[in-house]
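I opened my notebook beside the model and wrote down what I looked up, entry by entry. Here are my notes.

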Amino acid sequence: MCTVMASSGLVGRTMDFPPRTPWHLTYLPAGYQWQPATGDRVVINHHRILGGMRHFGGHYLAGDGVNDAGLFCAELFFPVAATYEAAVRPGTRGLTPQDFILWVLGKHATVAELAADLANVTVVGANWFDGNYYPFHWLLMDASGTYVVEPTGGRLRISRNPAEVLTNTPALPDQIRRLNGRLGLAGTGFNAQAVTNYRGTWPAGGNSAARFQQAALWRRRAGPGTVVEMQDFLKSVTVPHNQDHENNYTHYWAVVDRDQTEYRFTSCRGGKTIKRNLQSLLGPRAITFE
C-alpha cells in the first residue's frame with residue numbers, strides 16, 4: 001500500500017509493491033537507450049535519472065525518480081480503477097504502464113512539457129518483460145506544483161493534485177470525496193483550510209483511503225519541511241515484514257529533495273540509507289548503488 005507525500009520541495013514515498021527482483025537506487029545517464037515492453041521503437045533519454053528501480057533481463061522498471069531538470073515522478077498501484085487502451089493508436093508511441101515513468105523522466109523537463117506530449121503516447125494494458133501486468137497511476141512534481149496522471153476512460157489524464165499526497169486505488173477525485181466526508185464536506189474539491197483545522201478522529205487502518213487521509217492530514221498539520229520530518233511520516237505508514245505481510249510490505253523509503261536533485265534510499269530490510277545527488281553523477285553508464 002504505497003504512500004507518497006510532497007512538501008516544501010521534498011517528496012517522500014514508501015514502496016510496498018512486491019518485487020520479483022530487488023529494488024535498488026539506480027542512476028541512468030542522458031543518452032540511455034531502452035526498449036518499451038510493447039516492442040515499439042527504442043527510446044533515447046534526454047535527461048539523467050536517479051531513482052528506485054529494479055532490473056530484470058536487461059531492463060529497468062522505475063518505481064520513482066527525479067531527473068536532472070528537477071522533475072519527479074512516482075508510480076503507485078492502481079488496480080480495478082485503471083483503464084488503458086486496448087491497442088496503440090496510429091502515430092503514437094506504445095508503452096506499457098511499467099514503461100511510462102522512464103519515458104516521463106527521460107524525455108521531459110517539466111510537467112507542462114509532459115502535458116503537451118501526453119497525446120503522443122498510448123499506454124496499453126500489456127505485460128512487462130517479466131511476464132506480469134501492473135496497473136499504475138502516477139504522482140508528479142516540479143517547480144510549478146504537484147500533479148497526478150491517471151488512466152481513466154482509456155486515456156491518460158493529468159490534473160493538479162491539491163492534496164499533494166497519493167496512495168493506491170481509488171482515483172484522486174474519489175479519495176478527496178472520501179476525505180471530505182470525514183471533514184463534513186461534500187464534493188471532490190480539496191479544502192486545505194478544513195483539512196488544517198480538522199480535530200476529529202484520526203483515520204484508522206492501513207487501506208488506501210485511510211492512508212490517503214492520514215497523509216493529507218499530516219501534510220497540512222506538520223508540513224514536513226526537513227528530511228527527518230519526512231522520514232518520521234514515512235515511518236508512520238510503513239508496513240512491517242511479518243507473517244501478516246509476507247508479500248505486501250514496505251521494501252524501501254525514498255526521500256527526494258527535488259530542488260537539489262538529491263535522493264535518499266533506505267532499505268527497510270537492512271536499514272541502510274544511500275544518498276546520491278544527480279549534480280555529481282555525470283557518467284555515461286547506468287549505476288546500481290548497493
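Which residues is Thr250 in contact with, leaving aside its neighbours within four places in sequence? I found Thr14, Met15, Asp16, Val237, Thr238, Val239 and Cys268, where contact means heavy atoms within 4.5 Å.

A word on ground rules before I go on. This is a predicted model, in which local features need pLDDT of at least 70 and side-chain atom pairs count only at pLDDT 80 or more, while totals for chains, interfaces and linings use all residues. Residues are numbered from 1 along each chain as its sequence is written, and side-chain values use heavy atoms, with hydrogens and water left out.

**Entry: Thr250**

I placed Thr250 in the loop between α6 (227-236) and β15 (252-257). Helices (H or I, at least four residues) and strands (E, at least two) are DSSP runs, numbered from the N terminus. Thr250 has 3% relative accessibility, so it counts as buried; the cut-off for buried is under 20% relative accessible area, with a 1.4 Å probe and protein chains only. I also noted a polar contact of 2.7 Å between the side chains of Thr250 and Asp16. Such a contact is a pair of N or O atoms within 3.5 Å; within protein, one must be able to donate a hydrogen and the other to accept it, and residues adjacent in sequence count only if both atoms are side-chain atoms.

**Entry: helix α3**

Next I looked up which residues of α3 are buried. They are Leu172, Gln175, Ile176, Leu179, Asn180 and Leu183. Seen down the axis of α3, they fall within an arc of 140 degrees, so they line one face of the helix; the arc is that of the directions from the helix axis to the C-beta atoms. I reminded myself that an α-helix has 3.6 residues a turn, so residues three or four places apart point the same way. The cover over this buried set includes β12 (145-152), β13 (155-160), β14 (165-166), α4 (192-197) and α5 (208-221). Just after α3, I saw that Gly184 takes a positive phi of about 80 degrees.

**Entry: strand β8**

Is β8 (residues 72-77) largely enclosed or open? Five of its six residues are buried, so the rest of the structure largely encloses β8. Strand β7 (residues 59-67) runs antiparallel to β8 and is joined to it by three bridges; pairing takes at least two bridges found by DSSP. I noted Val66 opposite Phe72. Four residues lie between β7 and β8 in their hairpin, and Gly70 in the turn has a positive phi of about 90 degrees. Strand β11 (residues 136-142) is also antiparallel to β8, with six bridges, and His137 is the bridge partner of Leu76.

Conventions. Buried < 20%, exposed > 50% of the residue type's maximum accessible area, 1.4 Å probe, protein only.
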